[in-house]
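The following paragraphs lead the reader through selected parts of one model. Please keep the sequence and the coordinates at hand.

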Amino acid sequence: MKAKPVLVKLALLLIVSASLQACSQPPREHRETLLVFGTLVEITLYDLDEKKATEVISGIREDLNAMNFMWHPWEPGPLGRTNELLAMTRWFSGNPSVMPLIERSRKLAKQSHNLYNPAIGKLIALWGYHSNKGLASRPPPAEEIRKLVEANPQISDIVVDGIRMKSNNPAVQLDFGAMAKGLAIDREIDFIKSQGVKNAIINAGGDLKAIGKHGDRPWRIGIRHPRKDGVIAALNVNDGESVFTSGDYERFFEYQGKRYHHILDPRTGYPADQSISVTVIHPDAATADAAATAIFVAGPQQWQQIAKDMGIRYVMLIDKDNTVHITRAMNARIEFTEPPEKIRIY
Ligand code: ADP
Ligand code: MG
């Protein structure tokens with residue numbers, strides 16, 4: 001969906017790969033890295049013959065490219081067209097490739113108290129995060145931000161009647177950047193399961209889902225340190241689990257010494273500035289993706305409520321003062337590279 005600093009992603013993949021490699025028997029593992037959604041997506045299939053693995057991977061590649069086209073928030077395509085039509089606040093025939101994103105998002109937006117808000121596409125564009133030409137150099141005018149916040153676009157402004165849909169609010173512009181990667185990963189894991197693959201992991205720049213095991217051990221992954229090179233912790237991933245992280249280091253610019261990143265608080269219109277990184281675990285990758293974003297926005301005061309309402313047991317939030325806030329369940333599983341200086345267990 002978004003152009004990301006590919007080198008950083010690659011570095012992270014290499015760290016994760018190195019740790020996987022150390023405990024693998026190469027002939028039994030098939031690994032391939034694809035560049036889609038502006039992100040490196042690494043697919044690792046275990047215990048599969050070469051021919052089948054190549055087939056499965058080319059299926060995944062085609063599918064991911066199709067989703068990138070269908071769900072891209074600003075390139076011309078089905079979602080771009082949907083956004084043009086929504087702005088007219090009249091009935092139109094919904095595009096079948098966009099409808100599932102809307103339907104999945106309704107519940108997630110509600111559960112997150114609208115902190116996951118995929119209707120704020122205009123705000124994201126205003127901040128300059130809808131561009132292939134690099135990032136903005138300064139924040140947009142406060143007045144323009146205020147207007148978009150007051151217009152209060154919500155996914156619930158969209159009404160669907162059979163195949164027809166319309167928006168009741170002209171400010172609604174859809175951007176599924178906080179969830180689409182998760183939904184895509186869920187779909188690809190379902191696809192590879194349908195191909196008889198039992199053991200695999202799909203890792204899109206540190207956001208991932210695994211099935212089965214890595215030989216006789218569980219899949220093991222690293223969580224990127226939000227402020228240093230390398231990983232802050234490692235984790236064993238169980239069969240069918242997704243691990244998603246949202247961080248303020250993914251896409252940002254600095255202006256007058258302050259960081260302005262790509263995760264916006266829909267209540268203020270500004271980047272959410274209380275968290276620097278949030279990691280969650282959940283079986284459903286779309287839920288995990290939206291929850292990591294929403295919990296990030298919620299910050300150290302409100303995250304427990306949002307996690308509870310979204311049904312997330314495993315949460316680690318690092319706040320702007322580097323305090324680690326972690327659920328008991330997550331703390332029992334995570335292995336820190338170095339013990340955190342400040343940690344609160346809930
Ligand atoms: P990443 O994909 O970089 O891991 P996220 O999953 O947190 O990060 O998604 C961030 C993206 O989601 C932004 O680039 C933007 O397109 C969109 N976005 C930003 N803030 C919100 C929000 N509060 N609700 C929904 N989408 C958001
Ligand atoms: Mg997300």
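Asp265 belongs to the loop between β12 (258–261) and β13 (275–282), where strands are DSSP runs of E of at least two residues and helices runs of H or I of at least four, numbered from the N terminus. The model is predicted: local features need pLDDT of at least 70 and side-chain atom pairs pLDDT 80 or more, whereas totals for chains, interfaces and linings use all residues. Residues are numbered from 1 along each chain as its sequence is written, chains are lettered from A and ligands numbered from 1 in the order in which they are written, and side-chain values use heavy atoms, without hydrogens and water.

With a relative accessible area of 8%, Asp265 is buried (under 20%; exposed is over 50% and partly exposed in between, with a 1.4 Å probe and protein chains only). Residues up to four places away in sequence aside, Asp265 touches Tyr270, Pro271, Ala272 and Val297, contact being heavy atoms within 4.5 Å.

Strand β13 contains Ile276, which is buried at 5% relative accessibility. Beyond its neighbours within four places in sequence, the contacts of Ile276 include Pro226, Tyr249, Phe296 and Ile318. From Ile276 to His262 the C-alpha separation is 12 Å, at 14 residues apart in sequence.

Attention now turns to a helix pair. The axes of α7 (residues 180–194) and α8 (residues 285–310) come within 7 Å and cross at roughly 165°; axes are lines fitted to C-alpha atoms, for helices over the stretch in contact, with angles from 0 to 180 degrees between N-to-C directions. The two helices are therefore roughly antiparallel (over 145 degrees; under 35 is roughly parallel, 65 to 115 roughly perpendicular and the rest oblique).
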